[in-house]
Amino acid sequence: MSFTRWNFITTIFGIFTFLFDIGADFWIAMKYFQQELYLFGLLTIFFMLFSTIIVQVFSYMWFKDDCAEERSLKWVLIVHLFLAGTILRYWYAVYYGYQATLSTAKRKSDDGVNKKAVYVMTDLSMLRCFKTYLESTPQLILQLYILMEHGQISLIQYASIMLSFGSVSWSTVDYQMSLRKSLPGKKGISVGLPMFTYLFYKLFTLTSWILSLVFLLVYNVYILTVALIILCSAGIGWTWKQHTDFCTTNRLEILYRIVVGLILSFTFFNVKGQSTQIHISIYYSLRAFLTACILFLCFYFKPPFTQTILFTIFSIVVVLSLGLGIISLILYYGFFHPTLNSKEQNLQDVADGLKCEERQRINYFIMP
């Protein structure tokens, strides 16, 4: 368990990307209103607020679980009520990260500070994962829909689309690397070929699925709505069936299962850290079947947007991305996936009989 200078640098970079993302979202929403696309502007703001509120709820409850002093907890609550919980967590990540990497040699050797920096980084990574799939992914679908339906968007929106594909995939990779780094008895993912293979797996499969959903949205918004409700319900039901035990309260656990169900409608996650060979095979087999059905629907009924060159390009991208994504998935899990250390620790029921500051919520979180 080591918090490196690279982790510290990426944390600093994450602050700037976080602020840039907020500014870009407001700018895009403003452009929609200026173009009299009021529904799109409202949806952009809705996704921002919805994801931000969910993140604030989990962030505050995690501070509470970590046994912050009552006086400090009141200030933490005020910060979160002003929707600034993520900024506060970045502050703690920089504070402990500096102590673990750039402070004196004595502080560098302090294992307690190093662990604290890793845990703070992991919490932040979890929250970014939530925000990515609750805000960035729906907004990406919305922007692609506008591109296909209206044909013209601004240059910054083109850049936003390209960056969104990369940021959604990278946030998932960053989450996995942070999670495995903080789990006792787990080997971390190596920077290099293993990391890029996993990145390509997520990037390609997400690209294929997001474009497929955009096709369905352009074809018929009601069909897409029903499809997403079914997929989200299936994801929530599967998460419920796993009897997750991540949160310390029943109400928050329900919210957690709903959020994980929403994430599962976009990408695969191992909900309980169990063997995934069968589950992931079923998941992506179903994904390939649904993608084929959507393409067949478009080619068979030939709605107007299928006559455009953009649809032709996107269709090729859908097929190629799905194929490359599955190939990358097979390569990653076949050759690069980290294995358990020889001395594996028992991670079950860690909270039982421990002081609250020793609880490690990461042991109960969804795993890639």
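This is a predicted model: local features need pLDDT of at least 70, side-chain atom pairs count only at pLDDT 80 or more; totals for chains, interfaces and linings use all residues.

User: Which helix gives the most to the lining of the largest pocket?

Analyst: The largest pocket has a volume of about 1000 Å³ and is lined by 35 residues. The elements that give two or more residues to this lining are helix H1 (5–34), helix H4 (85–101), helix H6 (111–150) and helix H7 (155–182). With 13 residues, the helix that gives the most is H1.

User: How many charged residues are in the lining of the largest pocket?

Analyst: Nearest the centre of the largest pocket lie Phe-13, Thr-17, Phe-18, Ser-167 and Trp-170. By class, the lining divides into 16 nonpolar and 14 polar residues, and the number of charged residues is five.

User: Which helix supplies the largest share of the lining of the second largest pocket?

Analyst: The second largest pocket holds about 710 Å³ of space. Of the 23 residues that line the second largest pocket, Phe-47, Pro-138, Ile-141, Leu-224 and Leu-228 are the closest to its centre. Helix H2 (38–65), H6 and H9 each supply at least two residues of this lining. The largest share, seven residues, comes from H9.

User: What is the make-up by class of the lining of the second largest pocket?

Analyst: Residues are sorted here as nonpolar, polar or charged. For the second largest pocket, the lining has no charged residues and three polar ones, and the nonpolar residues number 20.

User: How many residues does H6 give to the lining of the largest cavity?

Analyst: There are two cavities of 30 Å³ or more, and the largest cavity has about 50 Å³ of space. Its lining consists of Phe-18, Val-55, Thr-86, Tyr-90, Leu-127, Arg-128 and Lys-131, which divide into four nonpolar, one polar and two charged residues. H4 and H6 each supply at least two residues of this lining. The most comes from H6, and its number of residues is three.

User: Which elements give two or more residues to the lining of the second largest cavity?

Analyst: The second largest cavity has about 30 Å³ of space. Asp-25, Ile-28, Tyr-32, Thr-44, Gln-139, Leu-142 and Gln-143 line the second largest cavity, and by class they are three nonpolar, three polar and one charged. The elements that give two or more residues to this lining are H1 and H6.

User: Are H11 and H12 roughly parallel or roughly antiparallel to each other?

Analyst: Two packed helices are described by the angle between their axes and the distance between the axes. The axes of helix H11 (residues 277–301) and helix H12 (residues 309–336) come within 12 Å and cross at roughly 170°. Angles over 145 degrees count as roughly antiparallel. H11 and H12 are therefore roughly antiparallel.

User: How many nonpolar residues are in the contact of H11 with H12?

Analyst: From H11, the residues that meet H12 are Ile-280, Tyr-284, Arg-287, Ala-288, Thr-291, Leu-295, Cys-298 and Phe-299. Their partners in H12 are Phe-311, Ser-315, Val-318, Val-319, Leu-322, Leu-329 and Tyr-333. By class, this contact has one charged and two polar residues, and the number of nonpolar residues is 12.

User: How is H9 placed relative to H10, and what is the handedness of the crossing?

Analyst: The axes of helix H9 (residues 221–241) and helix H10 (residues 250–264) come within 7 Å and cross at roughly 130°. That angle makes H9 oblique to H10. The crossing of H9 and H10 is right-handed.

User: What classes of residue make the contact of H2 with H10?

Analyst: H2 and H10 pack at an angle of about 135°, with their axes 12 Å apart, and that makes H2 oblique to H10. The crossing of H2 and H10 is left-handed. The contact is made by Ile-54, Val-57, Phe-58 and Met-61 of H2 together with Leu-252, Leu-255, Tyr-256 and Val-259 of H10. With no polar and no charged residues, the contact of H2 with H10 is made by eight residues that are nonpolar.

Technical notes: Residues are numbered from 1 along each chain as its sequence is written. Side-chain values use heavy atoms; hydrogens and water are left out. Axes are lines fitted to C-alpha atoms, for helices over the stretch in contact, and angles run from 0 to 180 degrees between N-to-C directions. Helices (H or I, at least four residues) and strands (E, at least two) are DSSP runs, numbered from the N terminus. Angles under 35 degrees count as roughly parallel, over 145 as roughly antiparallel, 65 to 115 as roughly perpendicular and the rest as oblique. A crossing is left-handed if the near helix is turned anticlockwise from the far one by less than a right angle, and right-handed if clockwise. On a 1 Å grid over the protein atoms alone, a cavity is a set of points where a 1.4 Å probe fits but cannot get out, and a pocket is an open set with protein on both sides within 12 Å along at least five of seven lines; lining residues have an atom within 4 Å of a point. Grid points are joined across faces, edges and corners, and a volume is the space filled by probe spheres set on the points. Contact means heavy atoms within 4.5 Å.
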